[in-house]
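Open the model in your viewer and keep the selection panel at hand. The stops below say what to select and what to look for.

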Amino acid sequence: MSLPSKLFKSLITIKNDLKEDIDAVFTRDPAARNSLEVILTYPGIHALVLHRGAHCLWNNEQKLAARVISYGSRIMTGIEIHPAAKIGRRFFIDHGVGVVIGETAEIGNDVTLYHGVTLGGVSWNNGKRHPTLEDGVTVGAGAKVLGPFTVGKNAKIGSNAVVVKPVPAGATMVGSAARMISDHHDEKGNPIATKVQDAKQQEKVAQAGESNDRTKDTTSTAKRTNTFRAYGIDPYSQDPVAEAFAKMLEHIQQSENRLDQLQSAMCDIDPNFCKKEYDKLCLEDLDVIGRADINDVDNEQK
């Protein structure tokens, strides 16, 4: 193939890739208004276009030139992508400041990263050191994905989560170190076999043993579970640490109530028994638990 033909083919490929990138911005960012604005003002687009050039040079043994382009992209956009990193189609970096993508990272199609995300390594050894994100993965702001493992298709990682182990497809990870909050997997990533998969079976179970109100609550809960908010856990999700503390405090309060009953019984049996007051632990004493958790436990006690 002649040089002009190769150049023309390359220009067509670049044009098609850029069009897909712009369409991805409109799909995932409601603030985008027109194509010219996206091309001129979106650092994620600039970083991606420059990375494609640097990656091409890297693969053609022009490594110094590739690193120079990568460094210039970092200065201009605040996004650092190693030229050797492999990135798929329709990749979108929202805002972008502080994003770091390591040398051996691999990113599939339709992946979304928010600002402050790190796809990093935990080893100085040669070879695969950085994560692989499969198609459709979303990584929230400030999250760190560290290590040579795979994040499965359509998985979601909450803001500021620190992920250091493989993530199954469709799972949602939150916290540091990240814990799974998927309805379909346990914390070790194993599928939960007892889940009713078919919607019709769920409807039959609901009709057999549950009221209409409870069915509505279950449906709304399922909708909330399937909703992922990239800038943080959605308002209906519980922080796993706070949830554990709430359960512990609920048990402590039950024990305190039982102790009060025992003291009252002892006073009835032995008039000389001296009933003593003691400081009781309440949810307000722990800042890790919010007002919503306090109300939830109060309602359960009532």
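**Ground rules**

This is a predicted model, in which local features need pLDDT of at least 70 and side-chain atom pairs count only at pLDDT 80 or more, while totals for chains, interfaces and linings use all residues. Residues are numbered from 1 along each chain as its sequence is written, and side-chain values use heavy atoms, with hydrogens and water left out.

**Stop 1: the whole protein**

Show everything as a cartoon. The secondary structure comes to eight helices and 15 strands. Helices (H or I, at least four residues) and strands (E, at least two) are DSSP runs, numbered from the N terminus. Now colour by accessibility. Of the 302 residues, 34% count as buried. Buried means under 20% relative accessible area, exposed over 50%, and partly exposed in between, with a 1.4 Å probe and protein chains only. Contact means heavy atoms within 4.5 Å. Among contacts with a separation of 6 or more, 35% are between residues 24 or more positions apart.

**Stop 2: the six-stranded sheet**

Select E3, E6, E9, E12, E14 and E15. These six strands form an open sheet in the order E3-E6-E9-E12-E14-E15, with mixed pairing. Strands E3 (92-93) and E15 (178-180) stand at the edges; each has a single partner strand, so one side of each is left without a neighbour in the sheet. Two strands pair if DSSP finds at least two bridges between them. Zoom in on E6 (residues 112-113) and E9 (residues 138-139): they run parallel and are joined by two bridges. Thr 112 stands opposite Thr 138 in E9.

**Stop 3: the four-stranded sheet**

Select E2, E5, E8 and E11. They form an open sheet in the order E2-E5-E8-E11, and the pairing is parallel. Here the edges are E2 (86-87) and E11 (150-151), each with a single partner strand, so one side of each has no neighbour in the sheet. Next, take E5 (residues 106-107) and E8 (residues 132-133). They pair in the parallel sense over two bridges. Ile 107 stands opposite Leu 133 in E8.

**Stop 4: the nonpolar cores**

A nonpolar core is a set of buried Ala, Val, Leu, Ile, Met, Phe, Trp, Tyr and Cys residues joined through side-chain atoms within 4.5 Å. Which residues of the largest core touch the most other members? Show Ile 101, Leu 113, Leu 133, Val 139, Val 151, Ile 157 and Val 163; the core has 31 residues in total. H3 and E15 each supply at least two residues of this core. Apart from it lies another core, of seven residues, including Ile 22, Ala 32, Val 38 and Tyr 42.

Go back to Val 139. Leaving aside neighbours within four places in sequence, Val 139 is in contact with Thr 112, Leu 113, Tyr 114, Val 117, Leu 133, Val 145 and Ile 157.

**Stop 5: helix H4**

Select residues 63-77. H4 has 15 residues and reaches 21 Å from its first C-alpha to its last, close to the 21 Å expected at 1.5 Å a residue. The expected span is 1.5 Å times one less than the number of residues. Show Ala 66, Ser 70, Ser 73 and Thr 77: they are buried. They cover an arc of only 60° around the axis, which puts them on the same side of H4. The arc is that of the directions from the helix axis to the C-beta atoms. What covers these buried residues includes helix H3 (43-59) and strand E1 (80-81). The face turned away from the buried side carries the exposed residues Leu 64, Val 68, Tyr 71, Ile 75 and Met 76. Step past the end of H4 to Gly 78, whose phi is positive, near 80°.

**Stop 6**

Asp 17 is in helix H1 (residues 3-28). Asp 17 is partly exposed, at 22% relative accessible area. Asp 17 and Arg 89 are 72 residues apart in sequence but 7.4 Å apart in space, C-alpha to C-alpha.

Glu 20 is also found in H1. Is Glu 20 buried or exposed? Buried, with a relative accessible area of 19%. Leaving aside neighbours within four places in sequence, Glu 20 is in contact with Arg 89 and Arg 90.

Jump to Gln 263 in helix H7 (residues 240-269). Gln 263 counts as buried at 12% relative accessibility. Not counting residues up to four places away in sequence, Gln 263 touches Phe 273, Lys 275, Lys 276 and Tyr 278.

**Stop 6: cysteines**

Finish on Cys 56, partly exposed at 44% relative accessible area, and Cys 267, partly exposed at 24%.
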